[in-house]
Amino acid sequence: MTSLPGGSDQGGSTREPRPFVCARCGAQAGDFQPATWTCSVENSIRQYFCDVCSRENLRAIEGRLDSAWW
């Protein structure tokens, strides 16, 4: 049997919920991702973008450019 990272064999997470922060402008959304925000995985890192930044960079997002190119 393989143990979970952190030495816990329990299925639950011990981390506190962190507020969602836009990786572009720093806007905060609270503990739940708003439906209007965009989630992107870049270099194995999950990043969230607020609705304003998502709209302003829609073409780059659809073209699958990493946020560094915006």
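User: Contact here means heavy atoms within 4.5 Å, so which residues does S40 touch, leaving out those up to four places away in sequence?

Analyst: S40 touches I45, R46, Q47 and F49 on that count. Before we go on: this is a predicted model, where local features need pLDDT of at least 70 and side-chain atom pairs need 80 or more, while totals for chains, interfaces and linings use all residues. Residues are numbered from 1 along each chain as its sequence is written, and side-chain values use heavy atoms, with hydrogens and water left out.

User: OK. Where is S40 found?

Analyst: In strand β3, residues 38-42. Strands (E, at least two residues) and helices (H or I, at least four) are DSSP runs, numbered from the N terminus.

User: Is S40 buried or exposed?

Analyst: S40 counts as buried because its relative accessibility is 15%. The cut-offs are under 20% relative accessible area for buried and over 50% for exposed, with partly exposed in between (1.4 Å probe, protein chains only).

User: And what does its side chain make a polar contact with?

Analyst: The side chain of E42, at 3.0 Å. A polar contact is a pair of N or O atoms within 3.5 Å; within protein, one must be able to donate a hydrogen and the other to accept it, and residues adjacent in sequence count only if both atoms are side-chain atoms. The side chain of E42 also has a polar contact with that of Q47, at 3.3 Å.

User: Tell me about Q47, then. Which strand does it lie in?

Analyst: Q47 lies in β4, residues 45-49. With a relative accessible area of 18%, Q47 is buried. Beyond four places in sequence, Q47 touches A23, T38, C39, S40, E42 and S67.

User: How do β3 and β4 pair?

Analyst: They run antiparallel, over five bridges; strands pair if DSSP finds at least two bridges between them. For example, V41 has R46 in β4 as its bridge partner. The hairpin has two residues between the strands, and N43 takes a positive phi near 55 degrees there.

User: What about aromatics? How many pairs turn up in the whole structure?

Analyst: One. F20 and Y48 sit edge-to-face, 4.6 Å centre to centre with 90 degrees between the planes. Rings of Phe, Tyr and Trp (its six-membered ring) pair if their centres lie within 6.5 Å; planes under 30 degrees apart are stacked, over 60 edge-to-face, and the rest tilted. The pair links distant parts of the chain, with F20 in β1 (residues 20-21) and Y48 in β4, 28 residues apart. F20 is buried at 16% relative accessibility, and Y48 is buried at 16% too.

User: Last one: what is the overall pattern along the sequence?

Analyst: It goes β-β-β-β-α-α, with two helices and four strands. Buried residues make up 21% of the chain's 70 residues.

Key. Contact = heavy atoms within 4.5 Å.
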